[in-house]
Amino acid sequence: MVEKAVVVALGGNAILRHQEMGTAEEQLANVRRTSRHIVDIIREGYDVIITHGNGPQVGDILLRNEMAKDTLPPMPLDICGAESQGMIGYMLQQSLNEALREAGLARPVVAVLTQTLVKGDDPAFGNPTKPIGPFYTAMQAKRLMVEKGWKMVQIRGRGYRRVVPSPRPVTLVEGEVINRLFRGGAVVIAAGGGGIPVVAGPGGTLRGVEGVVDKDYTAALLARLADADDLLILTDVDYVFLNYGCPGQQALREMTVAEAKQHLEATHFPPGTMGPKIEAAIAFLEAGGRRVVITSLDSAGDALAGRVGTWIHR
């Protein structure tokens with residue numbers, strides 16, 4: 001029986017920190033630290049589902065594809081996303097089991113390789129905007145646009161980069177399985193990187209597509225499917241700010257959904273950073289969620305206790 005349910009959406013710094021090389025040892029050390037924070041939440045009486053980002057990891061996989069393309073066939077983006085889910089899920093499973101054992105808590109931990117159903121006619125497929133993978137020269141970019149039909153964008157001072165669609169999630173294919181495991185007392189890791197985007201085909205078949213589902217939108221969907229009370233979105237700042245990075249920036253302790261919408265319309269929350277988190281928070285609360293808390297990883301426990309972080313309410 002679940003009493004206090006929270007979906008914890010881990011940001012990139014929970015797995016790989018700025019200026020790190022991304023070695024297995026570095027990432028595992030970060031995940032072990034993250035797991036101790038999650039176990040602190042469990043110790044406070046919460047039942048937890050965890051989701052996470054995978055941007056740097058998929059970027060590395062795509063780079064390996066590119067470097068080895070003359071020796072091994074490159075894998076499509078959906079399979080690369082599945083590979084990253086497995087890697088991060090393995091590290092979280094191992095680290096959480098270790099942290100739970102140290103805390104004297106008996107909980108099974110399971111990672112579910114998760115497919116996210118999207119609509120084949122989502123407008124995002126006609127307007128790719130999500131940068132992925134390595135940087136290319138102008139000549140390389142031109143060749144890839146012709147040979148593979150990729151859309152490329154120029155990033156000033158760094159070169160050209162592939163952009164892919166970012167469709168909105170409709171549901172999680174493994175949603176029922178995730179719920180059964182969660183209701184049975186497991187700590188569940190699911191929908192990493194927003195999930196592997198798939199579209200429905202004839203006769204109930206599924207087909208992976210080239211795209212990236214925003215992890216925050218999927219976190220909100222996961223929280224709704226699990227009937228969670230709270231959605232805890234962890235990033236690299238303790239609060240959501242107005243005028244972030246400018247003189248007179250203002251930390252927000254609380255917002256209603258109406259206030260969050262007003263700030264979005266006033267462009268306080270940029271599309272590539274805080275914007276999707278706020279939109280995800282609104283979607284979760286309007287679907288019946290109790291509250292959303294946005295804060296840093298190190299402040300996760302304090303935020304759920306109301307001592308820090310930005311709380312968003314209906």
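Leaving aside its neighbours within four places in sequence, with which residues is Ser296 in contact? In this predicted model, where residues are numbered from 1 along each chain as its sequence is written, local features need pLDDT of at least 70, side-chain atom pairs count only at pLDDT 80 or more, and totals for chains, interfaces and linings use all residues. Side-chain values rest on heavy atoms, with hydrogens and water left out.

Once those sequence neighbours are set aside, Ser296 is in contact with Leu234, Thr235, Asp236, Val237 and Asp238, where contact means heavy atoms within 4.5 Å. Ser296 belongs to strand β16, residues 291-296; strands (E, at least two residues) and helices (H or I, at least four) are DSSP runs, numbered from the N terminus. With a relative accessible area of 10%, Ser296 is buried, a word that stands for under 20% relative accessible area, whereas exposed stands for over 50% and partly exposed for what lies in between (1.4 Å probe, protein chains only).

We turn next to the aromatic rings. Rings of Phe, Tyr and Trp (its six-membered ring) pair if their centres lie within 6.5 Å, and planes under 30 degrees apart count as stacked, over 60 as edge-to-face and the rest as tilted. By this rule there are 2 aromatic pairs. Tyr136 and Trp150 form a tilted pair, 6.5 Å centre to centre with 55 degrees between the planes. Because Tyr136 lies in strand β5 (residues 130-136) and Trp150 in the loop between α4 (138-148) and β6 (151-155), this pair ties together parts that are 14 residues apart in sequence. Tyr136 is buried at a relative accessible area of 7%, and Trp150 is buried at 17%. Phe241 and Tyr244 form a tilted pair too, at 5.5 Å centre to centre and 40 degrees between the planes; here Phe241 is buried, at 17% relative accessibility, whereas Tyr244 is exposed, at 52%.

A pocket is an open set of points on a 1 Å grid over the protein atoms alone, with protein on both sides within 12 Å along at least five of seven lines, and its lining residues have an atom within 4 Å of a point; the volume is the space filled by probe spheres set on the points, which are joined across faces, edges and corners. Of the 16 lining residues, Leu62, Met75, Lys148, Trp150 and Arg162 are the closest to the centre of this pocket. Strand β5 gives the most to the lining, with 4 residues.

Note on methods: On a 1 Å grid over the protein atoms alone, a cavity is a set of points where a 1.4 Å probe fits but cannot get out, and a pocket is an open set with protein on both sides within 12 Å along at least five of seven lines; lining residues have an atom within 4 Å of a point.
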